Amino acid sequence: MRKIPAAWLYLALILALFLAYLGWIGPGGSFGWYHDDTVYFSTAQSLAQGHGYRMPSVPGAPYETKYPGLYPWLLSWIWRWWPLFPANVAPAVWMTALFGCVFLAAAFQLLRRLAGFGDWRALLLVALCAFHAQVLFLSGAVLSDVPFTALALAAAVVADAALDHESHRSWPLVVAAVLAGLSVLTRGFGLAVIAGIAATAIYRRAFRRAAVFCLVAAPFVVGPLVWSALHAPTVAAAAGTVTGGMPAAPGGEPGWIGTWLYYTSYGGFWKLCVPNVKVLSSVVMRNLRSLLEQPASYCLFPPLGDGRPLGTMFCITLSVWILSGVVRQARADRWRPIHFIFPFNAAMAVGWNYGLMDRFLLLFLPLFYAGLWVEAGHFFNMLRTNFRGTRPASDRVLAAILMAALSAVGLLAANDYLRGFRPELRALAAKRAALGQEKGELYEWIRQNTDPGARFVAYEDVSLYLHTGRQAMRPIAFSTEAFYMEDEGVLKRDLMHITDVARHIRARYWVVSSDDFDMETGTPLVDERMGQLKSVLPLVFRSHNGKVQLYDLGCLLDPDRTECGDARRLLLPTESTL
């Protein structure tokens, strides 16, 4: 019987500890933290129940054309096997965690093949990846980030071997193309994976293999495009004639159209948030700075940038240092698909109006750690030569200072890695669970006291649907222009229309929770506007600690009623109101 190499046994131990740590944090503890996770899970429910790939929580249940369908399809099997919500959130999280194991195994394969690394050094870096706070957080969430990262990195590793000049087998190339195609069906950033692998083949002058790879991967790209073209709801429909049962309502309100695009169209919402070249320039420049900080931010816990000029400069310098290590290693070895994927991925991330670089660059975390290791080794070798007796005393003093400074930064990073955000994940999950109990009180009240056809406005609208079966939407999707331009005027403009969605879908109730809008820009202005609304809307439910409330929207739907008094002025404000 063939003996299993010790390195693979240690990798299995790392994966077991990774899963155990996730279990200790609490699977599903962050469910609903991001809006995306609830959307994925609700569309999966729709698939499982045979209703097609739709958004059942949205009035009219339009087709889902914003997110690729592979991850919801996988989640739909959770619904088939465990149809009871929220008990089925835990197995959904464990499915994502298994993709985390695939990511770590692919990272091990990538790192051990790098010249100068080998199994044991690769294992050390894989362990650092496994217990990185961002990897743990996303592996414990119902989000597509980790499944995409696993498929993309696996595609890059398999493609590297398939494009080797010594390889005469065609099936690994087909496997790589299928994996890259599946990454497209998981996230749109999979296009960068296909482009990067094709560019690698061209760079290695494997033109025939490049053609075969693109032909196999093409259906995975064309399929989602055709689906979107055939099923995408239109903006014209959003003005009042959405198919599938959307009621007639005042058409063309900016708050409604913007929110509708947020739900249904990446491209449409991007154009709304990036209306001109000036805003585009701000998006690109700000995202570029974030991208340049991110490699260092993965290695410093917490990141030192945080908007402070000196910290930002230090982060960018360290990122350049890390990337220099990546380039140094590649030039000493060879350029691999993961290297070519990076510029395509970065180009997509820089132009996007959500600068989530900690999520967009997760695929390259093992590569960044490898670059840090290579450059640190190179730097220490340089310093060591300066300690030789033949060097001037000034060089030895400078080398000692630099070594002490680098060691201090390393100790800071190690301390925060061990004691920073990662240990706080369990506390965050517990805090969210506590608030979830109060939301549970609301959901029970809704099930007992409202008509099944009643519609709601709620920041966690899809969670409300999953718990109660009542359709809902967010009150508004704020334009990211306010964030990128640092312009309160844009936010005030949006806040003037914060009741548009409620009026359009004829919502009967508005759910307010203490954690609403926590992830938005300009929270004080939002809180002020919400305070105005709550001052004129009747309160019909309050949780035991008062952190979750429900308000009646009768005066919004019919503000001319006698009992509504002066509510109209605040519910339908003019610019002077704000």
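Biologist: Hi! Leaving aside neighbours within four places in sequence, which residues is Val 193 in contact with?

Modeller: Hello! This is a predicted model, and in it Val 193 is in contact with Phe 148, Ala 152, Ala 155, Ala 180, Ser 183 and Ile 341, once neighbours within four places in sequence are set aside.

Biologist: Where does Val 193 sit, and in which helix?

Modeller: Val 193 belongs to helix H9, which covers residues 190-203.

Biologist: And is Val 193 buried or exposed?

Modeller: Val 193 counts as buried, because its relative accessibility is 0% and the cut-off for buried is under 20%.

Biologist: What about Leu 179? How many residues apart in sequence are Val 193 and Leu 179, and what is the C-alpha to C-alpha distance?

Modeller: Val 193 and Leu 179 are 14 residues apart in sequence, and their C-alpha atoms are 9.6 Å apart in space.

Biologist: Let's zoom out. How many helices and strands does the protein have?

Modeller: The protein has 27 helices and 5 strands. There are 578 residues, and 53% of them count as buried.

Biologist: What about the surface? How much of it belongs to carbon and sulfur atoms?

Modeller: Carbon and sulfur atoms account for 63% of the accessible surface, which comes to about 25,400 Å².

Biologist: And the contacts between residues at least 6 apart in sequence: what share joins residues at least 24 apart?

Modeller: That share is 72%.

Biologist: Now the inside. Which residues have the most contacts in the largest nonpolar core?

Modeller: Those are Phe 41, Leu 75, Val 142 and Ile 197, in a core of 114 residues. Helix H4, residues 89-112, gives the largest share of this core, with 14 residues.

Biologist: Is there a second core, and what does this one include, or which residues are in it?

Modeller: A second, separate core has 42 residues, including Trp 256, Ile 476, Ile 498 and Val 526.

Biologist: Back to Phe 41: what is Phe 41 in contact with beyond its neighbours within four places in sequence?

Modeller: Phe 41 is in contact with Phe 31, Leu 75, Trp 79, Phe 85, Asn 88, Val 89, Ala 92, Val 142 and Leu 466, leaving aside those neighbours.

Biologist: New topic: how many cavities of 30 Å³ or more does the structure hold?

Modeller: The structure holds 7 of them. The largest cavity has about 180 Å³ of space. Its lining has 17 residues, and the closest to its centre are Ile 25, Ser 30, Phe 137, Gly 140 and Ala 429.

Biologist: Which helix gives the most to the lining of the largest cavity?

Modeller: That is H20, with 4 residues. By class, the lining of the largest cavity has 11 nonpolar, 5 polar and 1 charged residues.

Biologist: And what lines the second largest cavity?

Modeller: Among the residues lining the second largest cavity are Lys 439, Tyr 443, Glu 460 and Asp 516. The space in the second largest cavity is about 70 Å³, and its lining divides into 7 nonpolar, 1 polar and 3 charged residues.

Terms used. Residues are numbered from 1 along each chain as its sequence is written. This is a predicted model: local features need pLDDT of at least 70, side-chain atom pairs count only at pLDDT 80 or more; totals for chains, interfaces and linings use all residues. Side-chain values use heavy atoms; hydrogens and water are left out. Helices (H or I, at least four residues) and strands (E, at least two) are DSSP runs, numbered from the N terminus. Buried means under 20% relative accessible area, exposed over 50%, partly exposed in between (1.4 Å probe, protein chains only). Contact means heavy atoms within 4.5 Å. Accessible areas come from the Shrake-Rupley method with a 1.4 Å probe; for residues, only the protein chains shown count as cover. A nonpolar core is a set of buried Ala, Val, Leu, Ile, Met, Phe, Trp, Tyr and Cys residues joined through side-chain atoms within 4.5 Å. On a 1 Å grid over the protein atoms alone, a cavity is a set of points where a 1.4 Å probe fits but cannot get out, and a pocket is an open set with protein on both sides within 12 Å along at least five of seven lines; lining residues have an atom within 4 Å of a point. Grid points are joined across faces, edges and corners, and a volume is the space filled by probe spheres set on the points. Ala, Val, Leu, Ile, Met, Phe, Trp, Tyr, Cys and Pro count as nonpolar, Asp, Glu, Lys and Arg as charged, and the others, Gly among them, as polar.
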